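Student: I would like to learn how to read the features of a protein model, one at a time. Could we look at one together?

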Amino acid sequence: CVNLADSISLTTQSQLEHFRASFGRRHDVFLKLNGCDNFLLTSSEARKETDPIRLCHSGSIGGHNSLGDVLTLLKSLRPILQANGREIELKFCGMIADAQKELLLAERELNIMVHGQLTPEQAYNESAAADINLLLIDQRFQRYLPGKLFGYIATGNPILIIGTEFSFEIAKICDDYGVAHFFFNLPQVDQVACANFILNAPREKTAPEHLVKFRRNLNRKTLAKTFFDIFNVEGH
């Protein structure tokens, strides 16, 4: 496939470097990031300092994700959060594997809402209405940027990244656009640091100028146009 292709597009810089090192091809190899839909920003409702902090996950959750570990760890943070007068709400938007959904429905200590499959715009609006967006990853996400990350960044919310100690690619795009984020490693957890991130999150929205820049640079329609321009076929 590599030898026969007229051009090749990859979605992350690290994947591009890995590709070049593996195949030695450098001509007509392009970096084209994923992007965000240009949904309108929703106005934030007035909320009190004592209201629960809203955490939202948007997207499918398969059987390879361990929500049991996630729930256990979030519950372990409750004493620190409660000592600061706060609770958390968890919201899940998207298809969830049966075994994982059973864990959510059986949970009694945490306040959890399961919305099921939504339209992309509905899911975006639910994410935007949260204080923090949840991103579940593991070591397989090296050289990969999940599509939901771009939608999360577009909301202006901080992102809690659960499942691995660090991902250079995710950290870089968050840093580039001033997005507050925290890597919440499983099973090793700095409970105090994570609880403090959650407590501070409602005041850590992305600065408007960074958000405008991100939504302009990573608009999915604009990126799609530049992608199709690569083909540069006359009359098409």
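Student: How many residues does the largest nonpolar core have, and which have the most contacts inside it?

Tutor: A nonpolar core is a set of buried Ala, Val, Leu, Ile, Met, Phe, Trp, Tyr and Cys residues joined through side-chain atoms within 4.5 Å, where buried means under 20% relative accessible area, exposed over 50% and partly exposed in between, with a 1.4 Å probe and protein chains only. Here the largest such core has 31 residues, and those with the most contacts inside it are L90, L160, F184 and I198. At least two residues of this core come from each of β3 (53-58), α2 (67-83), β4 (88-93), β6 (132-136), β7 (159-162), β8 (181-184) and α7 (191-200), and the largest share, 7 residues, is supplied by α2. Helices (H or I, at least four residues) and strands (E, at least two) are DSSP runs, numbered from the N terminus.

This is a predicted model, so local features need pLDDT of at least 70 and side-chain atom pairs count only at pLDDT 80 or more, whereas totals for chains, interfaces and linings use all residues. Residues are numbered from 1 along each chain as its sequence is written, and side-chain values use heavy atoms, with hydrogens and water left out.

Student: Which residues is L160 in contact with, leaving aside its neighbours within four places in sequence?

Tutor: Contact means heavy atoms within 4.5 Å. With those neighbours left aside, L160 is in contact with L55, I132, N133, L134, L135, F182, F184, C194, F197 and I198. There is also a second, separate core of 24 residues, which includes I137, A171, I173 and F183.

Student: How should I read two packed helices, and at what angle do α4 and α5 cross?

Tutor: Two packed helices are described by the angle between their axes and the distance between the axes. Axes are lines fitted to C-alpha atoms, for helices over the stretch in contact, and angles run from 0 to 180 degrees between N-to-C directions. In this model the axes of α4 (residues 120-128) and α5 (residues 147-155) come within 9 Å and cross at roughly 50°, which makes α4 oblique to α5, given that angles under 35 degrees count as roughly parallel, over 145 as roughly antiparallel, 65 to 115 as roughly perpendicular and the rest as oblique. Y124, S127 and A128 of α4 make the contact with G151, Y152, A154 and T155 of α5.

Student: At what angle do α5 and α6 pack?

Tutor: α5 and α6 (residues 168-176) pack at an angle of about 20°, with their axes 11 Å apart, and they are therefore roughly parallel to each other. L149, F150 and I153 of α5 meet I170, I173 and C174 of α6 in this contact.

Student: Is L110 buried or exposed, and where is its place?

Tutor: L110 has its place in the loop between α3 (98-106) and β5 (111-116), and because its relative accessibility is 6%, L110 counts as buried. Not counting residues up to four places away in sequence, L110 touches L71, L74, K75, R78, I88 and L90.

Student: What does K32 count as, by its relative accessibility?

Tutor: K32, in the loop between β2 (29-31) and β3, counts as partly exposed because its relative accessibility is 24%. K32 and L223 are 191 residues apart in sequence, and their C-alpha atoms are 7.4 Å apart in space.
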